[in-house]
Amino acid sequence: MDPAASGPVEMLKYLHNRLDRHFRELHERRRALQPAPPVFALEHNLNQLDLDLLVTAVHGAVARRLDASCRAWWLPFVVYAAEIGYDYVGGEYWPLFAQRTPGWETSHGWNVSTNRSRIKHWYEQFKLHYGGAEPKGSFAVNFNIIAWPITHAVMPTYLQRQLAQLLFESRAILSAELLDDPLALGQRLASRTGRYSERFQIFCTNESLLGQVATALLSGDEEESPYLVRSTLERLVKGLSSEQQSRAWLTRAKLSADLVRSRGFQPKSSDIRIRRSEKRPPTVQDLQMLLQRETNGWRPHLELPNLTLLQVQSDGLARELRNLRPVIEGLPHPLPRGKLMYPDKVRLSTWPQPDAPLIQLEHGSSEVNEVLAACYSITRGPWWVFHQRAGGPAVEVRSKRLRSGETYLLVRRLGSDLPVPRWATETLVLLDGVQAFEIKVPRVIDKAGIDQLQAAGLSITTEVRVQPVGLTPGAWDGEGAVEWLVGEPALLAVQSSQIVDKCVVTIDNGPPTALDYPAADPSLIFALDNLSVGVHDVNISLLNSSAGTSIANGALKVTIADPHVSSADTTRGLGIRLSTTPVRPELAELLDGRASISIDGPLQMRAELAIVLRDDTGVTMYERQQTISLPWSDESWTRFANQQLRREGLFSSYGEAETCEISVSRNGVRFASLICERGFHPLRWVLTKRRHGGYVARLIDRTDRDTKVYLYRVQEPLIGIEQDPTEPVDVPHNGGMLEAISGRTAAAVLLPPDPNQLRLQRNDRPVIHCAMPSLSEMRGLIDGHRRWHNADRPPNPFADRQRVQVLEAITTALVSVVAGTRWATFERRRHAKVDRTPSDTLDEMQNLVGNSSQQRAMAQHIARHLWRWLDSPDALRDDFAKSIASCASASGMHDPLIAADFLLTLVTHPGQLTAWKEEVRDYLLTCALQSPALIRAARFAVLGRDDLLAGNNPSTTVGMQ
């Protein structure tokens with residue numbers, strides 16, 4: 001029988017039986033391996049004629065509305081869906097499926113949702129009967145249907161170039177053990193994807209799949225891989241080799257793997273080498289506690305580590321870091337989403353508890369929070385030691401070892417009975433619950449002094465020195481911190497003026513290694529092997545047999561840095577370097593100002609900056625060039641983005657763009673470049689301008705769930721009007737905001753207005769309907785502010801204008817409903833009077849704060865300090881805390897600094913309070929509702945400062961928020 005001449009049912013039956021025999025055979029061979037590698041639908045071994053027959057059979061089955069006789073022979077559908085997954089480019093899978101499958105969405109009596117679920121069911125059967133691969137990671141959780149065909153496509157075409165680059169850049173870490181263990185190789189490769197695109201990172205969360213594909217690609221040319229059939233492997237290699245650069249990357253990576261296999265990767269050397277124990281996951285960048293000197297004392301700060309460098313220690317870590325709010329021990333409320341992607345330091349409100357996790361993600365997975373807890377913590381005390389440096393903050397010394405002749409700050413909890421060294425004098429730390437001392441360590445210390453330090457849990461480093469030798473390290477602070485690049489020899493020298501028999505080395509609290517100390521040499525040189533990327537604690541103890549104990553101790557903080565992963569995404573040319581914060585920003589972050597770009601180069605050199613937007617097929621949609629003068633700062637990029645990029649030409653291309661390439665060139669020669677991707681979002685809005693004016697919004701929904709869509713108009717910004725999620729939405733003439741919600745996933749976008757309509761409706765202000773002041777009413781206003789504040793901002797200045805209007809209206813309504821009728825009347829008059837002066841408003845606001853003597857004193861203190869706050873937000877917060885201390889305490893807010901933070905945020909950016917812990921926020925809101933004078937005082941402080949700024953600079957916009 002000729003299958004091609006038969007009907008669709010006969011073709012499906014023939015192909016199903018053939019595929020069944022092949023996949024069962026393959027499954028049996030894989031089961032002989034431990035652990036058994038999965039089988040992929042793409043490993044079908046069909047030639048092109050058979051594939052054409054399969055496509056014809058599937059199309060015929062769809063034309064028959066996928067009746068029961070067709071559904072009985074389901075294996076061809078599994079292969080068909082995987083083939084479409086192989087051509088998937090990261091956009092929408094089902095539109096591509098429908099494009100390739102006539103009638104899939106238009107057949108009479110056809111239920112698209114049911115048939116999508118059937119495809120998932122068939123893949124589950126494939127897993128059960130043939131050992132098929134199962135989707136894993138965050139992608140599988142969020143997209144539980146399309147994850148199956150995309151996983152069974154092994155490696156979609158659009159990700160292949162990045163895989164070749166990853167294998168090339170990771171060739172230095174290859175070992176015989178990794179090449180024999182696909183899961184371990186996948187974990188190591190996944191941990192190096194921080195600078196790659198988000199879509200590639202999502203693929204790499206399936207570490208077992210990544211490892212199996214990588215192991216197969218790195219196998220020898222004549223070898224049969226146990227993880228992929230030869231036809232599929234050759235197909236992947238052909239795809240990877242279709243571009244010259246990818247081909248070169250893969251060739252170099254395979255050469256490195258061949259060399260590792262041939263020599264076994266076990267170096268033979270007589271050198272002294274110490275290997276690290278793998279008990280504790282290393283941090284990739286150590287965090288720092290700092291004490292910053294201020295006028296009245298020392299203020300504690302925590303310097304946040306750049307956690308993008310931690311990368312993928314568990315499924316979806318990078319995605320959770322970007323999308324969830326971090327909770328920092330010592331802060332009363334979570335930080336904004338994605339804050340850990342941007343290097344920064346935060347001022348602590350309380351001293352962290354050593355037993356509590358220092359960094360966690362709110363609603364984060366247990367795996368991710370366990371990694372963060374294991375990697376980041378503060379020292380346990382009872383003393384915290386900070387080394388004073390000239391002109392800078394005091395930096396924590398985690399080893400608690402002091403050097404003679406240096407100055408330190410010692411911090412302990414209040415009420416502690418720890419002995420204080422006799423050279424210490426008390427100083428002030430601007431934080432409740434702790435006590436601080438300044439200590440100047442003498443150059444010569446007697447035994448009594450050393451005993452006193454040891455009694456306090458401290459030690460002195462006087463007789464041993466540990467320092468790097470050999471190849472110059474990437475960084476060495478001369479004190480106790482050194483950095484090498486991965487692959488460089490980590491050589492250390494230990495020097496002592498005393499007689500030493502043994503040197504004991506411990507790495508990351510692992511098992512100690514004892515080395516014989518050379519009898520005729522004051523120095524011992526040894527190498528540290530097997531140190532993974534990260535920060536490691538190396539402790540040294542010198543032993544003397546006659547003394548019978550340790551005679552000296554030393555410590556070193558060793559950082560092994562990845563040359564391909566840095567704290568800022570950086571590309572270098574000849575003297576030109578382009579850097580971004582955060583690492584690998586998304587397209588939206590780059591254009592709306594959340595991310596920044598700086599370009600370093602020879603002073604006053606002229607260069608060409610080019611910006612190119614491309615769609616998912618690589619077609620250029622927008623291009624702009626600008627001559628710049630180097631160096632180019634973050635502020636220069638912000639001005640350029642606001643003034644030049646947020647124009648109509650870019651906006652018309654922005655919605656459909658998938659990548660943005662930024663390059664720096666000179667005389668036609670490119671020196672540095674950066675590609676930012678849209679990022680993979682379960683829900684995304686696309687705005688398109690109509691030919692005859694106005695805009696239309698379209699939702700891209702990849703969630704496989706029921707989705708709700710709400711339109712919020714500018715006139716009534718807190719009232720959502722439900723829309724059909726499957727239909728385009730016409731944008732109102734004066735703009736607005738659209739929000740799509742699917743389970744716990746949401747996407748909101750600001751809608752650009754028609755500028756001509758805005759001119760006709762200048763007085764069309766947002767209307768906020770408020771009931772009586774209550775906790776639920778306040779929550780609703782705060783959440784509404786958050787919704788408008790966090791919505792994606794298209795590159796359109798008029799949309800920004802409407803957003804600012806709405807946010808001001810919500811803030812004013814929130815203040816007015818609590819502060820009372822007289823204050824609400826003042827706010828309306830103040831807004832209506834455009835040409836006001838500070839003298840028109842300051843006295844009136846001061847009088848409106850309150851009538852009691854305590855409230856009048858609070859208002860007077862604020863009025864006296866307004867001029868001090870013009871240039872210093874920190875001074876505003878600290879002085880305002882002093883102003884309200886008495887009234888706040890009477891209301892139940894007993895910590896004036898926390899009260900000041902809360903009240904100033906409430907009257908300027910109330911939506912940010914959604915980042916606070918709910919119980920803390922609700923308690924403080926209740927206190928504020930009972931003491932409206934505190935709300936009026938905070939508003940007086942902010943508006944009074946703004947009016948003074950406007951009076952000093954007439955070009956300043958009044959009501960800066």
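## Exercises on aromatic pairs and a helix contact

The count comes to 24 aromatic pairs, where rings of Phe, Tyr and Trp (its six-membered ring) pair if their centres lie within 6.5 Å. This is a predicted model, in which local features need pLDDT of at least 70 and side-chain atom pairs count only at pLDDT 80 or more, while totals for chains, interfaces and linings use all residues. Residues are numbered from 1 along each chain, and side-chain values use heavy atoms, without hydrogens and water.

**Exercise 1.** Classify the aromatic pair of Trp94 and Phe97.

*Solution.*
- Planes under 30 degrees apart count as stacked, over 60 as edge-to-face and the rest as tilted.
- Trp94 and Phe97 are 5.4 Å apart centre to centre, with 65° between the planes, and the pair is edge-to-face.
- Both Trp94 and Phe97 are buried (under 20% relative accessible area, with a 1.4 Å probe and protein chains only).

**Exercise 2.** Classify the pair of Trp632 and Phe640.

*Solution.*
- The ring centres of Trp632 and Phe640 lie 5.8 Å apart with the planes at 70°, so this pair is edge-to-face.
- Trp632 and Phe640 are both buried.

**Exercise 3.** Describe how α1 meets α6.

*Solution.*
- The axes (lines fitted to C-alpha atoms over the stretch in contact) of helix α1 (residues 8-31) and helix α6 (residues 112-130) come within 9 Å and cross at roughly 50°.
- Angles under 35 degrees count as roughly parallel, over 145 as roughly antiparallel, 65 to 115 as roughly perpendicular and the rest as oblique; α1 and α6 are therefore oblique.
- Asp20, Phe23, Arg24 and His27 of α1 contact Phe126, His129 and Tyr130 of α6 (heavy atoms within 4.5 Å).

Notes
Axes are lines fitted to C-alpha atoms, for helices over the stretch in contact, and angles run from 0 to 180 degrees between N-to-C directions. Helices (H or I, at least four residues) and strands (E, at least two) are DSSP runs, numbered from the N terminus. Buried means under 20% relative accessible area, exposed over 50%, partly exposed in between (1.4 Å probe, protein chains only).
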